[in-house]
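These are my notes from going through the model one chain at a time.

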Amino acid sequence: MSTAIKAAASIREGRAAVKKNAEHFKADNHFWVGIEQGRGDVHPISWELMGADRKLAGKLKVDVAAVALRLEREAMRNAARASSYGADMVYADLVYNVQQEHRKEFYTKALIDAVNSHRPTILPSRTTFGCDLTGSVTATLLAGSTSLPCTIYKMNRTANGHRTPARDGNARARHARSWHCYHLFRGSAQSRPRRQNAIVYTWPRIR
Amino acid sequence: MHNVVCIKQVPDSAQIRVHPVTNTIMRQGVPTIINPYDLFALEAALELRDKFGGEITVLTMGPPSAEESLRKALTFGADRAVLLTDRCFAGADTLATTYALATAIRKIGKEYGQPDLIFTGKQTIDGDTAQVGPGIAKRLRVLQLTYVAKIRALDLAARTIEAERRSEGGVQVLRTRLPCLITMLEATNQIRRGAMADALRAARAQIVKWSAQHADVEDISKCGLKGSPTVVKRVFAPTARAEKAVLVEPAEQPAEALIDAMFKYQPRLEADLAALTGDP
Ligand SMILES: Cc1cc2nc3c(=O)[nH]c(=O)nc-3n(C[C@H](O)[C@H](O)[C@H](O)COP(=O)(O)OP(=O)(O)OC[C@H]3O[C@@H](n4cnc5c(N)ncnc54)[C@H](O)[C@@H]3O)c2cc1C
């Protein structure tokens with residue numbers, strides 16, 4: 001097989017894998033970690049979250065997807081690093097020249113669309129942006145949130161299959177009965193990068 | 001102009017103790033205060049009133065005893081205090097809280113004039129979620145300026161406001177339309193000493209008390225524990241997190257001794273670092 005044909009076949013396989021993976025993520029409450037970024041780089045808290053989620057997801061036998069919204073071109077490469085920190089899938093939305101971080105409406109809508117179509121459990125970071133977004137998204141979706149700065153957190157599956165998160169934060173509160181909840185997390189364990197091929201799925205353009 | 005300031009009565013965290021046996025937080029006998037973050041919001045509103053005139057309504061949702069915090073807010077100079085109190089509001093999580101507060105703000109708008117600005121603190125010292133401000137804004141469909149450090153300009157004719165917002169990346173200067181919701185950052189101003197006249201007025205003032213019905217709450221099932229997808233199951237004192245401490249003997253080359261000690265206790269770290277740097 002010539003190199004060109006091989007390359008074309010591998011691209012086709014890659015696309016098929018991405019599609020399959022995207023379908024798989026629609027199936028159940030997988031974990032989504034928001035990849036926060038600014039000025040072309042990823043906020044380190046995102047990798048902390050990824051580490052903790054990876055462990056938790058392993059226990060609950062679900063997968064972890066990284067969600068990177070409002071990707072500037074140069075941040076794309078950084079977001080792809082999510083897979084080396086443990087994401088099984090990276091959802092990326094390329095939006096050029098969107099500088100206005102404060103345009104929360106845009107992100108709120110994007111996340112709401114995502115939740116409605118994929119029903120994930122989302123874990124944004126406890127940064128100024130993460131807090132704002134979570135407040136808006138939960139108020140729109142009527143979702144619960146466990147939202148102290150967390151350091152440890154656990155999740156149990158209830159008899160009816162809903163997840164009930166519990167986590168220990170600064171004030172050490174335990175929560176139950178949250179439904180599609182959002183967790184803000186100040187992670188304590190950063191995952192080690194592991195070598196893995198990035199699977200990047202470009203989120204459908206948000207109007 | 002009419003500004004609404006949301007305040008929450010919280011236990012004074014400086015005086016909270018932990019039960020030595022059960023390890024739970026002892027709230028009995030702990031004095032309550034206005035959430036300290038909310039005082040920055042109140043002062044910001046007072047400063048705007050000094051410049052532009054108008055009225056300030058303070059609003060809280062809480063038990064009947066929260067009246068005390070409202071009176072305190074009146075001593076600082078607020079014009080009116082509204083207490084949202086009803087058994088059905090008890091046990092609210094952030095979602096139920098934002099529902100009740102947003103409904104009350106709508107009613108305040110009807111009764112006392114539509115607010116131009118709604119202020120909240122950045123977060124509280126007990127719940128600490130920082131979700132209530134953005135949640136109210138979303139429910140009222142007003143714009144939100146969060147983590148505001150300074151209000152730079154307000155143009156009532158053009159109905160615009162310009163503010164400095166502090167975030168991890170630096171300071172942003174934002175301009176938006178009125179009405180909007182502002183969550184005020186800490187240490188951005190200092191709450192004034194109330195005037196004697198205000199203290200006297202506060203002592204005699206009639207606090208407006210609204211039950212769910214008075215506040216025009218349409219759906220009680222969205223309030224309090226019933227309307228809360230999240231419940232706090234237990235609050236307890238943190239356990240010590242110190243894991244393992246190893247004392248490294250003083251050495252001539254302290255850095256190397258430290259690195260050797262690290263590798264000794266975390267053998268995988270050496271291999272990982274080697275893999276990352278490409279060293280054999
Ligand atoms: C230890 C502990 C942990 C908790 N954890 C969670 C949790 O993870 N998720 C959850 O949904 N709920 C949680 N709660 C419940 C939460 O405290 C209530 O929902 C509360 O009504 C609002 O949340 P907050 O105190 O975190 O407010 P924040 O969102 O931190 O407050 C921001 C601002 O909103 C305004 N505000 C807040 N409450 C009121 C009020 N009652 N009246 C007027 N203005 C107000 C104030 O201006 C305040 O500065 C917790 C409570 C405790 C005691």
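What percentage of the 207 residues of chain A count as buried? I looked this up before anything else, bearing in mind that the model is predicted. The value is 55%.

**Chain A**

I then listed the secondary structure of chain A and found five helices and 12 strands. For the contacts in chain A with a separation of 6 or more, I looked up the share from residues 24 or more positions apart, and the share is 71%.

A:Val64 sits in strand β4 of chain A, which covers residues 64-71. Is A:Val64 buried or exposed? Its relative accessible area is 0%, and the cut-off for buried is under 20%, so A:Val64 is buried.

**Chain B, domains**

The domain assignment for chain B lists domain 1 as 2-222 and domain 2 as 240-280. I looked up the separation of the two domain centres over C-alpha atoms and noted 49 Å.

**Chain B, nonpolar cores**

Which residues touch the most other members of the largest nonpolar core? This core has 38 residues, and the answer is B:Val5, B:Leu42, B:Leu117, B:Phe119, B:Ile161 and B:Ile182. Elements that give two or more residues to this core include helices α1 (36-52) and α2 (67-76) and strands β8 (117-121) and β12 (180-184) of chain B. The element giving the most is α1(B), with eight residues.

I followed B:Ile182 further. Leaving aside neighbours within four places in sequence, its contacts are B:Leu117, B:Ile118, B:Phe119, B:Thr120, B:Leu145, B:Val148, B:Ile151 and B:Ile161. I also recorded another core, apart from the one above, with 27 residues, including B:Val4, B:Leu101, B:Val208 and B:Trp210.

**Chain B, a helix pair**

My last entry concerns helix α6 (residues 254-265) and helix α7 (residues 267-277) of chain B, whose axes come within 4 Å and cross at roughly 110°.

Notes
Residues numbered from 1 in each chain as written. Chains lettered and ligands numbered in written order. Predicted model: local features only at pLDDT ≥ 70, side-chain atom pairs only at ≥ 80, totals over all residues. Heavy atoms only, no water. Domains from an automatic or database assignment. Axes fitted to C-alpha atoms, helices over the stretch in contact; angles between N-to-C directions. Core = buried A, V, L, I, M, F, W, Y, C linked by side-chain atoms within 4.5 Å. Buried < 20%, exposed > 50% of the residue type's maximum accessible area, 1.4 Å probe, protein only. Contact = heavy atoms within 4.5 Å.
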